[in-house]
Amino acid sequence: SKRSLSSDSTKTEDSLKVSIRKVDRLMNCIEELMTLNTKMLTFRNQVASDDKLAAFGKEMTSISQFFEKLTEQLYKQMLNVRMMPVKSLFNKFKNVIETISVEQKKKIKVSITGENTEVDRVVLESLKDPLIHLIRNAVDHGVEKPEDRLTTGKSEMGHVSLSAFNDVNSVVIEIEDDGKGIDHIKIRDKAIEKGLITAEEAAMMSKQEVLKIIFAPGFSTAEKVTDLSGRGVGMDVVKTGVEKHGGSITIHTEKGKGTCFVIRLPLSMSMVDTLVVRGGNELFAIPTDGIEKIL
């Protein structure tokens, strides 16, 4: 008997490696179709308002609705083509953690959740180095050595968790450790010493505002010789890499208990929120990320 192709496809999912440039070109064509559909909808509405062309307008409405549905489905499928699970990246991180923990003579358990969460592949590839930097700091400077953990009442086995999940139109990646945390008081004092802020400014700053200082260029050069958690080194590069793709990074930390870096990224770089404005007879769409103020 002949084998069923459909039954075979349920067992294994074939993949095809395609240049991202080819995907982008195809996406541009789809976006042109969507623009054309908008023009067609406008023309349809003009026709529908004319009593003499009512029958023609009704038929055109039906065609337009089908065209709109088909275009939307095509667009969504192309977005899916750009996506890839974070699993491959998380597995690399796990190897990095294991390697560094051996070098540092530390015992660390790694847990991974949400590895099938998908992210735009362009974003994922470009964030590999910044994320590895966070991983290295979590193991090297966050998690204490076994003997130090025991003296503070912790188990000698440290813990680093990597997680990813979808939240509305964003993807959230969290890197968390149960190490010694970040002492924001020492960060504040070091920032004053380096002239990044004044004592008066420091007195008005909240804990979160102080923690953001570790992202400032130049802050970390002297951190190599302090007992801060050491996360300052190169953190400005991490922040720049995340924000380059419309993302954000926040810190949650508690001294003696650990730190969690939360990275929020747009679901896809193909979708950009814009503000549409008219200048004379021309329409312009301005990315909202580039708008500071509207007067």
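**Exercise 1. Which residue forms a salt bridge with Glu193, and where does the pair sit?**

Solution. Start with the atoms: Glu193 and Lys190 form a salt bridge, with the closest N and O atoms 3.3 Å apart. The term needs a side-chain nitrogen of Lys or Arg within 4 Å of a carboxyl oxygen of Asp or Glu. Before going on, note that this is a predicted model, where local features need pLDDT of at least 70, side-chain atom pairs count only at pLDDT 80 or more, and totals for chains, interfaces and linings use all residues. Residues are numbered from 1 along each chain as its sequence is written, and side-chain values use heavy atoms, with hydrogens and water left out.

Next, the position. Glu193 and Lys190 are 3 residues apart in helix α8, so about one helical turn separates them. Helices here are DSSP runs of H or I with at least four residues, strands are runs of E with at least two, and both are numbered from the N terminus.

Last, the exposure. Glu193 is exposed at 60% relative accessible area, whereas Lys190 counts as buried at 12%. The cut-offs are under 20% for buried, over 50% for exposed and in between for partly exposed, using a 1.4 Å probe and protein chains only.

**Exercise 2. Where is Gly181, and is it buried or exposed?**

Solution. Find the loop between β5 (170–177) and α8 (184–193): Gly181 is there. With a relative accessible area of 6%, Gly181 is buried. Then go from Gly181 to Glu144, which is 37 residues away in sequence and 10.0 Å away in space, C-alpha to C-alpha. Glu144 is also one of the residues in the salt-bridge network.

**Exercise 3. How many aromatic pairs does the structure hold, and how are the planes of Phe90 and Phe93 set?**

Solution. There is 1 aromatic pair. Phe90 and Phe93 have ring centres 6.1 Å apart and planes at 40°, so the pair is tilted. The rule takes rings of Phe, Tyr and Trp (its six-membered ring) with centres within 6.5 Å; planes under 30 degrees apart are stacked, over 60 edge-to-face, and the rest tilted. Both Phe90 and Phe93 are buried. They are 3 residues apart in helix α4 (residues 87–103), so about one helical turn lies between them.

**Exercise 4. What lies 2.8 Å from a polar atom of the Ser101 side chain?**

Solution. Stay in helix α4, where Ser101 lies. The backbone oxygen of Glu98 is the atom at 2.8 Å from a polar atom of the Ser101 side chain. Ser101 itself is buried, at 8% relative accessibility.

Then step to the loop between α4 and β2 (107–113), which holds Lys105. Most residues other than glycine have a negative phi. Phi of Lys105, though, is positive, near 55°. Lys105 counts as exposed at 71% relative accessibility.

**Exercise 5. How far does helix α6 reach, and which of its residues are buried?**

Solution. Helix α6 (residues 128–142) has 15 residues and spans 20 Å from first C-alpha to last, close to the expected 21 Å. The expected span is 1.5 Å times one less than the number of residues. The buried residues of α6 are Pro130, Leu131, Ile132, Leu134, Ile135, Asn137, Ala138, Val139 and Gly142.

Notes
A polar contact is a pair of N or O atoms within 3.5 Å; within protein, one must be able to donate a hydrogen and the other to accept it, and residues adjacent in sequence count only if both atoms are side-chain atoms.
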